[in-house]
Amino acid sequence: MNKDLTSSKIARQNVLNNSYALQEIQTAVGLPGVLFRGQLTFTKSQVASFFGVTQRSITTCIRNNEDELRRNGYDVVTGNTLKEFVLSINPTLVQEVNFPNKIRKLGIFSFRAVLNIAMLLTRSERAKEVRSLILDIVIDTVNKRTGGVTKYINQRDEDFIHNLLNNADYHQELVEALNLYVDLGKIKYIWYNDMVYTSIFKENAAEYRRILKLSNDEEERMTMYSEVLDLIASYEAGFADVLRQEYQRIGRKLTHAEADALYQSFSSQRLWVPLINKARTKMASRDLCFRDALHKSLAEHIGAVPPEDFNRFIGEASMTLSERIAEYEQALKRLKERE
C-alpha cells in the first residue's frame, strides 16, 4: 500500500487527522502567521514564501486539490469575514504579507492546510524537509504515547476489556455447541474459528497472525479491535444457536458437510453486510496507520483514520490494559471500602 505523502491521499489524511502530532509539528516548524478566530492562519503569499515557490505554484496546487485542502482548513474569505481577517492582522505584519489595499476575496490557510500543501508540493526543497519532519514526528508521537508497542494499541480503547470478556463468553457457547451438535473431531474448533474469521476479514487465523507478526504464545483476539470482537461474538453466538436448533430438529449430531452448509447459509445473510464492511474498514485502516500492517485482502476497505480514533488509541483517555485493570481494581477497592 502506497504511503508516500505526495501521492497517497490516505497517508496525508492520517497525518492531518492526528491532532497530537500536529501540535508537535507546529511547534517544530514555528511558522509565524495571523491569529484569526483563535488559530494561526496564513495567506497565500506567506505559504509561497515559506516553501520557496511562486504564488502561481500555490494556486495550481489549490486548483488540483481544492476539495482536500478545503477539508483541511483552506478557505476563501469575503465580505465581513474578510474585514474581520484584515483587522486581525498585526500592523507590523501588513507589509510582510503583502496585503493589497483593495481586495474582495482572499484565500487563507490553517496550519493544517499548510501541512497539506507541504505534502502536495513535489518541487520544493522546503516542502521535502517538512515532509521528513512530519514522518519523524508522527512516528515519535505514536511511539511515545504507546510506549513503542503498537501491536496492542487496540487494548488502549476503554471498551476493549468489556468486549473481550463478552467475546470469551460467546466463544465458549460456540465451542460447547460444536462439541454437542457436530459429529467431527477436535479439528472442528479450528475449522469453524477460521470460517468465522474468513467471513469477517477474509483471513484465517494463520494469515492474521502472519500479518501482525504474532508469536506462538500471543493470542489473536488480544490484538483485535472492539468492533471486530463484537462482530465475532455475534457470529459465534448466532451460529451456536443455529446448530442447536438444527440438532433438535433432526434429532442427531450434524455431519461435517451438514454443519458447513448450515454455516454458509447463516453467514450469507444480508444483515451481516453493513456490519462486516464497517469492521473491515476499521481493522484495515487502523492496522495500516497504527501498526504499519497491510491486510491485502482488505485493500479496498482502507481509508483515513478519523480524528476520534487518534483520541481513542493515543489520546488522554487511552491507556494500556494493565493500567486499565489497575484503575478498575482501585475503583472496586473504593466501592468495597464504602460497604
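By the distance rule applied here, the count comes to 19 salt bridges. A salt bridge is a side-chain nitrogen of Lys or Arg within 4 Å of a carboxyl oxygen of Asp or Glu. The model is predicted: local features need pLDDT of at least 70, side-chain atom pairs count only at pLDDT 80 or more, and totals for chains, interfaces and linings use all residues. Residues are numbered from 1 along each chain as its sequence is written, and side-chain values use heavy atoms, with hydrogens and water left out.

Arg312 takes part in two of the bridges described here. Glu227 forms a salt bridge with Arg312, the closest N and O atoms being 2.7 Å apart. This pair links distant parts of the chain: Glu227 is in helix α13, Arg312 is in helix α16, and 85 residues separate them. Helices are DSSP runs (H or I, at least four residues), as are strands (E, at least two), and both are numbered from the N terminus. The side chains of Asp159 and Arg312 also meet in a salt bridge, at 3.9 Å from N to O. Asp159 lies in the loop between α9 and α10 and Arg312 in helix α16, so this pair ties together parts that are 153 residues apart in sequence. Asp159 is partly exposed, with a relative accessible area of 37%. Arg312, at 22% relative accessibility, also counts as partly exposed. Buried means under 20% relative accessible area, exposed means over 50%, and partly exposed lies in between (1.4 Å probe, protein chains only). Salt bridges that share partners join Asp157, Asp159, Glu227, Arg286, Asp309 and Arg312 into one network.

Asp140 is partly exposed, with a relative accessible area of 39%. Lys144 is exposed, at 55%. Val138 is buried, with a relative accessible area of 18%. Leaving aside neighbours within four places in sequence, Val138 is in contact with Val15 and Ala21 (contact: heavy atoms within 4.5 Å). The C-alpha atoms of Val138 and Leu22 are separated by 8.3 Å, although the two residues are 116 apart along the chain.

The nonpolar interior was examined next. A nonpolar core is a set of buried Ala, Val, Leu, Ile, Met, Phe, Trp, Tyr and Cys residues joined through side-chain atoms within 4.5 Å. The largest such core has 50 residues, and those with the most contacts inside it are Phe201, Tyr235 and Leu243. Helices α10 (160–181), α11, α12 (205–212), α13 (226–250), α14 (256–267), α15 (273–291) and α16 (307–314) each supply at least two residues of this core. The largest share, 8 residues, comes from α13. Not counting residues up to four places away in sequence, Phe201 touches Tyr208, Met224, Val228, Ile232, Arg280, Met283, Ser297 and Leu298. A second, separate core of 35 residues includes Phe42, Leu120, Leu121 and Val130.

Thr41 lies in strand β2 (residues 39–43). Thr41 is buried, with a relative accessible area of 3%. Leaving aside neighbours within four places in sequence, Thr41 is in contact with Gly33, Val34, Phe36, Gln46, Phe85, Ile108 and Phe109. The backbone oxygen of Gln39 lies 3.2 Å from a polar atom of the Thr41 side chain.

Glu173 is placed in helix α10. Glu173 is partly exposed, with a relative accessible area of 37%. With neighbours within four places in sequence set aside, Glu173 is in contact with Ala237 and Ala240. Glu173 and Asn143 are 30 residues apart in sequence and 38 Å apart in space, C-alpha to C-alpha.

On the surface, Ile187, Ile190 and Trp191 form a nonpolar patch, with about 320 Å² of accessible area together. Patches are made of residues with over 30% relative accessible area and no salt bridge; like charges are joined within 9 Å, nonpolar side chains (Val, Leu, Ile, Met, Phe, Trp, Tyr) within 5 Å. Accessible areas come from the Shrake-Rupley method with a 1.4 Å probe; for residues, only the protein chains shown count as cover. Ile190 is found in helix α11 (residues 187–201). At 56% relative accessibility, Ile190 counts as exposed.

How values were computed: Polar contact = N/O pair within 3.5 Å; in protein donor to acceptor, adjacent residues only side chain to side chain.
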